[in-house]
Amino acid sequence: MYTLQLATAGLAIGSVYALIAIGVVLIYKCSGVVNFAQGAFVMLGAYFTYAITRLGLTPVIAVVFSTVLMAIAGAATERLVLRPMLKAPVVAIMMVTLGVLIFLRAVALAVWGPDQIAFPKLFPDGAIEIFGIFITYNYLTAGSLSICLALAFLAFYRFTAIGLMQRCTADNSRAALAIGIHTSNQISLAWSMSAALAGLGGTLLATLNGLSLGLSDIGLIAFPVIVLGGLTSLPGAVVAGLLLGVLQAFTDGLVTPMLEGFLRAYTTIYSVGALQQVLPYALLILVLLVRPQGIFGWRGSERL
Amino acid sequence: MLEATGVTIRFGGVVAVDALDVIVRAGEIVALIGPNGAGKTSFINCITGAYLPDDGQVYWKGENVVGLTPNALTRRGIGRTFQNVASLHDLTVLDIVKLGYGLRHSMPLRAVVLNALRGRDSVADELNETLLHPLGLADFRHAPIQSLSYGHRKAVDLARALAAQPQLLLLDEPVAGLSSSESRSLAALIRKVRDRLGCAVLLIEHKMDIVNSTCDRVIVMAAGAKIFEGLPADVQVDPEVRRVYLGEP
């Protein structure tokens, strides 16, 4: 039963990871750029929601507003920072996204300060019991909301006209341009959707863990997730996000106590620290060694 | 409808298209022929916004369209196919044709959701009926385009262009790589499309039997310049054309 309890919590967190990772994949597919600023979008989204609720608006409206603001912020980042670098090498552009991360962290630090902030309650307190598993409303709403959004997004990408244009641009942007797709608008749109998803993910994470600058570190978790999922696969990002969430929960709830119990009995080591934070990167290395194209990845072939 | 005057395209010192005048009227099928390197594709690239002409004007329905992006031109009703079909990895035949449709038609979200709930797709059904079936692609509609033969990929490209219901259709060697029976049915389809949409067609083609049976007018280019314009029947007896093609003095 305890295992199931951990798995449920892990799935809830994992679905938020999935949401954030989808955004990274989206931009990578469209423009070949790995967006290191995703963590900053996550953090900014949560701060926006916080700031808007402080103005006295109800939580639901605050979340909607902050998501819209994040969509604008994403498009603005693309237009103002990345568009002028259109002809620069991809590595240079990735460094710039790293710069955006540092810049936005500094801005958040200046505006909201370095301390942990009590995040406004978006969902009611309490928990429900399903088949003997207790889930707090926080986890339940965060998890179900993000998994629904992730699925809705996948459906959007698959079935709508804009989704088709996105996929075509991602697949072959020169061909997309030639057949009459406004590719630069599609790239702006990808950034905008990506930032909106990240911001929403940030808001949901802040309801679970509180709000601080440290929220931007979650952007780094997105990289093990997308590498695990195969860098270009959106369903891969969702599955890998859920998987990583569950693995982290198990590490925190089962592996760490067992390991610490063992170490305390036989050595003088008292604690192993936050092992669940190390796990994603250990997994990243493992995946890169064993299956570099990821679970759902497509191995590119070279014409000889 | 389309009126190009004095179009000149240079690549460095090479003059690919030299002061070319082309007029295509609504409902007319015009062939653009000429030896390799005559500048035919460059001219089409210029009309669709891929190249900027160094000189000259292109008017489409009275509007000067030089400098517009391919996207803007597609929305104004100029559609084209390509000589070489681009490689796309994860789109299916139906996806690509729907993409063409989506460029000039709106697919309202409500309709998309309703279709998804009913488990069918009215746009896809319509495209299947009007385009994929006549082009012999109905059986492949869920196949990734990479898995198709060259001829079928060209047919997909044509279906994609037609799905946007263009008013000017620019076809770059549509029957290259097709068998002669496939070529004939494609030529018949082009005429049928012209009759149905009333669109203008500008066709680059090397196969003279297709040109003769399909086109209303022929323009012959050599080294970037127009050397002949007239009826298909008169092309082969024109001394200048014979000189360029056959090397007669």
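Guide: Let's begin with a term: a polar contact is a pair of N or O atoms within 3.5 Å, where, within protein, one must be able to donate a hydrogen and the other to accept it, and residues adjacent in sequence count only if both atoms are side-chain atoms. Between domain 1 of chain B and domain 2 of chain B there are two residue pairs in polar contact, both at pLDDT 80 or more.

Now some background. This is a predicted model, in which local features need pLDDT of at least 70 and side-chain atom pairs count only at pLDDT 80 or more, while totals for chains, interfaces and linings use all residues. Residues are numbered from 1 along each chain as its sequence is written, chains are lettered from A and ligands numbered from 1 in the order in which they are written, and side-chain values use heavy atoms, leaving out hydrogens and water.

So where are the two domains? Their bounds come from an automatic or database domain assignment, which gives chain B a domain 1 made of 1–77 + 166–249 and a domain 2 covering 86–165. Counting contact as heavy atoms within 4.5 Å, 18 residues of domain 1 of chain B meet twelve residues of domain 2 of chain B. Over C-alpha atoms, the centres of these two domains of chain B are 26 Å apart.

Next comes buried area, the accessible area (1.4 Å probe) that two parts lose on being put together, summed over both. For domain 1 and domain 2 of chain B that is about 1,200 Å², with 70% of it on carbon and sulfur atoms. On the domain 1 side, B:Thr74, B:Pro166 and B:Leu189 lose the most area, together 31% of what that side buries.

Helices (H or I, at least four residues) and strands (E, at least two) are DSSP runs, numbered from the N terminus. Helix H2 (70–75), strand E7 (168–172) and helix H7 (180–197) of chain B each supply at least two residues of the domain 1 side. H7(B) gives the most, with four residues. By class, that side has ten nonpolar, four polar and four charged residues; here Ala, Val, Leu, Ile, Met, Phe, Trp, Tyr, Cys and Pro count as nonpolar, Asp, Glu, Lys and Arg as charged, and the others, Gly among them, as polar.
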